[in-house]
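Thanks for coming, everyone. Please bring the structure up on your screens, and we will walk through it together.

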Amino acid sequence: MEDGYTPTADFLVMVANDEIPLTGSDFADHNLRTLIAYTRDEDVSNRDWATMLLAQQEIDTSEIRDALVTATADEDSCVRGEALQGLADRDAGMALPILQRELEQDDCAYATFQAARIVADPSLLKGLRRWVGRGGAPWIDDEITDAIAACAGEQSQDG
């Protein structure tokens, strides 16, 4: 793990560094349940990292989907965005109504725009367009543009 923004929980650092298995044994199953529990931690850095790490897993269970859906209601936009990206990767239809709601918020995270690009549904265009030029950084604005292109059925600038 690089220096910078890290979770306060050592467990999450070890998961991020691939030092802890999440599949293949009873021990790994326990670790996965611990990771899911961290998505509800008091510390926002732990919730953010746990949600991101969970979203990145190739594992797809109802327990994981439930944890991601719960995280889409978090008070922190980054946690919500990571959860949305994980849902979009698993089930675009499940993510769509939550994305529509999230794009109407006053604060959206980068991962929210990534999720919108993955879902690529025209119903997201109105919400995305209200964010044009408001990403706060060129790379976020580029992701918004790419999400709009995907939702409009166009090729992105990179495509």
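**The core and what surrounds it**

Start in the middle. The largest nonpolar core has 45 residues. Within that core, the residues with the most contacts are Leu 12, Leu 35, Leu 54, Phe 113, Leu 124 and Leu 128. Which helix gives the most to this core? That is helix H3, residues 44-56, with 6 residues. One thing to keep in mind throughout: this is a predicted model.

Take Leu 12 from that list. Set aside its neighbours within four places in sequence. Leu 12 is then in contact with Pro 7, Leu 35, Tyr 38, Asn 46, Trp 49, Ala 50 and Leu 53.

Now helix H7. The buried ones are Ala 111, Thr 112, Phe 113, Gln 114, Ala 115, Ala 116 and Val 119. What covers them? The cover includes H5, helix H6 (92-102), helix H8 (125-129) and H9.

Next, the rings. There are 4 aromatic pairs in the count. Look at Tyr 110 and Trp 139. Their ring centres are 4.9 Å apart and their planes sit at 65°, so this pair is edge-to-face. The cut-off that matters here is an angle over 60 degrees. The pair links distant parts of the chain, with Tyr 110 in helix H7 (residues 110-119) and Trp 139 in helix H9 (residues 138-151), 29 residues apart. Tyr 110 is partly exposed, at 28% relative accessibility. Trp 139 is exposed, at 52% relative accessible area.

The charged end of Arg 134 sits over the ring of Trp 131, 4.2 Å from the ring's centre.

On to the salt bridges. The count comes to 8. I will show you three of them.

Here is one. Arg 47 and Glu 75 meet through their side chains in a salt bridge, at 3.9 Å from N to O. Arg 47 lies in helix H3 and Glu 75 in the loop between H4 and H5, so the pair ties together parts that are 28 residues apart in sequence. Are these two partners buried or exposed? Arg 47 is buried, at 7% relative accessibility. Glu 75 is exposed, at 74%.

Here is another. Asp 60 forms a salt bridge with Arg 90, and the closest N and O atoms are 3.8 Å apart. Asp 60 sits in the loop between H3 and H4, and Arg 90 sits in helix H5, so parts 30 residues apart in sequence are tied together. Asp 60 is partly exposed, with a relative accessible area of 38%. Arg 90 is buried, at 14% relative accessibility.

Then Asp 91 with Arg 65. In this salt bridge the closest N and O atoms are 3.1 Å apart. Again the pair links distant parts of the chain: Asp 91 is in the loop between H5 and H6, Arg 65 is in helix H4, and they are 26 residues apart. From C-alpha to C-alpha, Asp 91 and Arg 65 are 9.1 Å apart in space. Asp 91 is partly exposed, at 27%. Arg 65 is buried, at 18%.

Now put some of these together. Which residues are linked in a network of salt bridges? They are Asp 60, Arg 65, Arg 90 and Asp 91.

One more loop. Thr 72 is found between helix H4 (62-71) and helix H5 (77-90). Thr 72 is buried, at 4% relative accessibility. Beyond neighbours within four places in sequence, Thr 72 is in contact with Arg 80, Ala 83, Leu 84, Leu 87, Ile 98, Arg 101 and Glu 102.

Last topic: the cysteines. How many disulfides does the structure hold? The number is 0. Cys 78 is in no disulfide, and the nearest cysteine sulfur, that of Cys 108, is 10 Å away. The cut-off for a disulfide is 2.5 Å between sulfur atoms. Cys 78 is partly exposed, at 36% relative accessibility. Cys 108 is likewise in no disulfide. Cys 108 is buried, with a relative accessible area of 10%.

That is the tour. Over to you for questions.

Note on methods. Residues are numbered from 1 along each chain as its sequence is written. This is a predicted model: local features need pLDDT of at least 70, side-chain atom pairs count only at pLDDT 80 or more; totals for chains, interfaces and linings use all residues. Side-chain values use heavy atoms; hydrogens and water are left out. Rings of Phe, Tyr and Trp (its six-membered ring) pair if their centres lie within 6.5 Å; planes under 30 degrees apart count as stacked, over 60 as edge-to-face and the rest as tilted. Helices (H or I, at least four residues) and strands (E, at least two) are DSSP runs, numbered from the N terminus. Buried means under 20% relative accessible area, exposed over 50%, partly exposed in between (1.4 Å probe, protein chains only). A charge sits over a ring if NZ of Lys or CZ of Arg is within 6 Å of the ring centre and within 35 degrees of the ring normal. Contact means heavy atoms within 4.5 Å. A nonpolar core is a set of buried Ala, Val, Leu, Ile, Met, Phe, Trp, Tyr and Cys residues joined through side-chain atoms within 4.5 Å. A salt bridge is a side-chain nitrogen of Lys or Arg within 4 Å of a carboxyl oxygen of Asp or Glu.
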